[in-house]
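Welcome! Please take a moment to turn the structure around before reading on.

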Amino acid sequence: MTEAAASTTPAPATDHGKRFLVAWIVASVIATPLVAIFLGDHLPPGNGSAQAHEQVFDNSWLLAIMTPPGLFVVMFLGYALWTFRNRGTVGALEDGPPIRGNARIQTLWMVITSAIVLFLAGFGSYELVQSGAGGGQGPTAAFQPAGYQKALDVQVIGQQWEFTYRYPTYGGIETPHLVLPAGTLVRLHVTSLDAIHSFWAYGLGVKADANPGVDNIVYVHTKDPMQFDIRCAELCGLWHGYMFDTGHVVASGRFTSWIKQQQSYFAPVSKYLPPYSTTYLPDPSQRAG
Ligand SMILES: [Cu+2]
């Protein structure tokens, strides 16, 4: 009996760590490019402007980078659930031995997570500076895109509870509609007359705070004609939820005729408007819209 027991070779212990690591690396190598290629172009906010396009690029990268860590978590959970499931053996519900003081795992964990976070911080900062990213930059924009001297100035005025728009190069006309010419670099001056609003033109990849007394500059380079949603993205009072509209990017010929039509339509009231200014504090004497 003792001889027979001694001659039986024990089954080799499965190296779970190695097996899982190989499966994870293979899955990551396959899934990461697939995610970037097939999901990348469908990520928000679309291709409505150069800035929106840049955001899609950033989102694709971020999604691709997070694919291996995401797979790690899901696969590890699945592996553990399956491999260490309760097979009905007595005592199978006991916890495994706790891992304490494994310097190798701790170092790897810290190095890898620090590297990912630092890389993302660097990547995000570079992209922000390089493209302006469609966000408000305050009165003195740190990021000036090429050809900014010729950008079309359009003022966005938040007020309870709508946005109005002034076109300083067209006599400072104010209108409740946002229409922009296609293929044009636009410099939006976002401000407010009362509470803090946030101008969010999702399809253009633009989002900027509208603060009273502040000229918040955003650059956006429009592409092809399109329609886009406009929303206030800052809780600004009772009718905040009502503060939405539809904007348009149109061919330059159509833009010219539209602005002329607006000028003549609003001519009778335009003379009551305060002169165009980057901010309106104290309260303007008159409000349009
Ligand atoms: Cu608002």
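Below is a short tour of a helix and a sheet.

Keep in mind that this is a predicted model.

Let us start with helix H3, which covers residues 50-83. At 1.5 Å a residue, its 34 residues should span 50 Å, and the end C-alpha atoms are 49 Å apart, so the two values agree. H3 has a kink of about 40 degrees at threonine 67, shortly before proline 68. Buried residues in H3 include Ala50, Gln51, Ala52 and Gln55.

Now for the sheet. Strands of a sheet pair through backbone hydrogen bonds, either parallel or antiparallel. Here, 5 strands make an open sheet with mixed pairing, in the order S3-S2-S1-S5-S8. S3 and S8 (216-221) are at the edges with a single partner strand each, so one side of each has no neighbour in the sheet. On average, neighbouring strands of this sheet are turned by 25 degrees against each other, direction ignored.

| Strand pair | Bridges | Sense |
|---|---|---|
| S1 (residues 152-159) and S2 (residues 162-167) | 5 bridges | antiparallel |
| S2 and S3 (residues 173-175) | 3 bridges | antiparallel |

The hairpin of S1 and S2 has 2 residues between the strands, while the hairpin of S2 and S3 has 5 residues between them. In the latter, glycine 171 takes a positive phi near 75 degrees.

Which residue in S2 is the bridge partner of glutamine 155? That partner is arginine 166. Arginine 166 also stands opposite glutamate 174 in S3.

Finally, helix H5 (residues 252-270) lies across S2 and S3, and H5 runs at about 100 degrees to S3.

Terms used:
Residues numbered from 1 in each chain as written. Predicted model: local features only at pLDDT ≥ 70, side-chain atom pairs only at ≥ 80, totals over all residues. Helix = DSSP H or I, 4+ residues; strand = E, 2+ residues; numbered from the N terminus. Expected span 1.5 Å × (residues − 1). Bend = angle between axes of the 7 residues up to and from the residue. Buried ≥ 20, exposed ≤ 12 C-beta atoms within 10 Å, placed from the backbone. Pairing = 2+ DSSP bridges. Axes fitted to C-alpha atoms, helices over the stretch in contact; angles between N-to-C directions. Contact = placed C-beta atoms within 7 Å.
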